[in-house]
Amino acid sequence: DTAVSQTPKYLVTQMGNDKSIKCEQNLGHDTMYWYKQDSKKFLKIMFSYNNKELIINETVPNRFSPKSPDKAHLNLHINSLELGDSAVYFCASREQGNSPLHFGNGTRLTVT
Amino acid sequence: GNSVTQMEGPVTLSEEAFLTINCTYTATGYPSLFWYVQYPGEGLQLLLKATKADDKGSNKGFEATYRKETTSFHLEKGSVQVSDSAVYFCALNDGGATNKLIFGTGTLLAVQP
């Protein structure tokens, strides 16, 4: 039983296309996140939702739009993809407070 | 703002060697501290945590002690195995309204047989 699952695992697309990544967690957590990991393994937070409400929106181009239909799902839609968007995108969730993050296995996005 | 600094890698060790990966933090107050591990092709997994000064987190032979006086949370293991090869991330809880986790840059550990 996968706690945090993301689809697809791999995504190869051309510049200018629009794509979506889906994330679901079955842990009953209130808060979900999207992180971007670059080729040097640096992790940067992008967005966070708490109970379907956006609470973190870091400096991310507005081509990136998160959507949370319910607290178990947080999807990421990317418009007009650029080469620099190539990275691994991780979804994560946590309970409130100081509890640890639970990560999905990542979506490797390659823009050609 | 709050931040985490960890030693750059890669760290290359022989099996059964002693491991230390340094991590220091800058924070207001006393945040919770974490070590995460990322095996190839996988997401990050919690390795251990400490929530207050002098706490020692431990798991799978790894340990880290929350040192307030040196603002450090160094990761140690007495005898590494090839299966420990991974990227290790130190992190702190930012607290406040967003309560986000701030990660260090990650340290690649390669253990050779």
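Predicted model: local features only at pLDDT ≥ 70, side-chain atom pairs only at ≥ 80, totals over all residues.
Residues are numbered from 1 along each chain as its sequence is written, chains are lettered from A in the order in which they are written, and side-chain values use heavy atoms, with hydrogens and water left out.

At the interface, 19 residues of chain B are in contact with 22 residues of chain A, contact being heavy atoms within 4.5 Å. The two chains bury about 1600 Å² between them, 54% of it on carbon and sulfur atoms; buried area is the accessible area (1.4 Å probe) that two parts lose on being put together, summed over both. In chain B, the residues that lose the most area to chain A are B:Leu44, B:Lys100 and B:Phe103, together 26% of what that side buries.

Side chains of opposite charge can pair when their charged atoms come close. The rule for a salt bridge (a side-chain nitrogen of Lys or Arg within 4 Å of a carboxyl oxygen of Asp or Glu) finds one across this interface. B:Lys100 pairs with A:Glu58, and their closest N and O atoms are 3.0 Å apart. By class, the side of chain B that touches chain A has eight nonpolar, eight polar and three charged residues. Here Ala, Val, Leu, Ile, Met, Phe, Trp, Tyr, Cys and Pro count as nonpolar, Asp, Glu, Lys and Arg as charged, and the others, Gly among them, as polar.

Over all chains, the count comes to seven salt bridges. In one of them, A:Asp30 pairs with A:Lys71, with the closest N and O atoms 2.8 Å apart. This pair links distant parts of the chain, 41 residues apart: A:Asp30 is in the loop between strand 3 (19-25) and strand 4 (31-37), and A:Lys71 in the loop between strand 7 (64-70) and strand 8 (73-78). Strands (E, at least two residues) are DSSP runs, numbered from the N terminus.

Two cis peptide bonds are described here. One joins A:Thr7 and A:Pro8, with omega about -5 degrees; A:Pro8 lies in the loop between strand 1 (4-7) and strand 2 (10-13) of chain A. Another runs from B:Gly9 to B:Pro10, with omega near 0 degrees, and B:Pro10 is found in the loop between strand 1 (3-6) and strand 2 (11-14) of chain B.

Conventions: Helix = DSSP H or I, 4+ residues; strand = E, 2+ residues; numbered from the N terminus.
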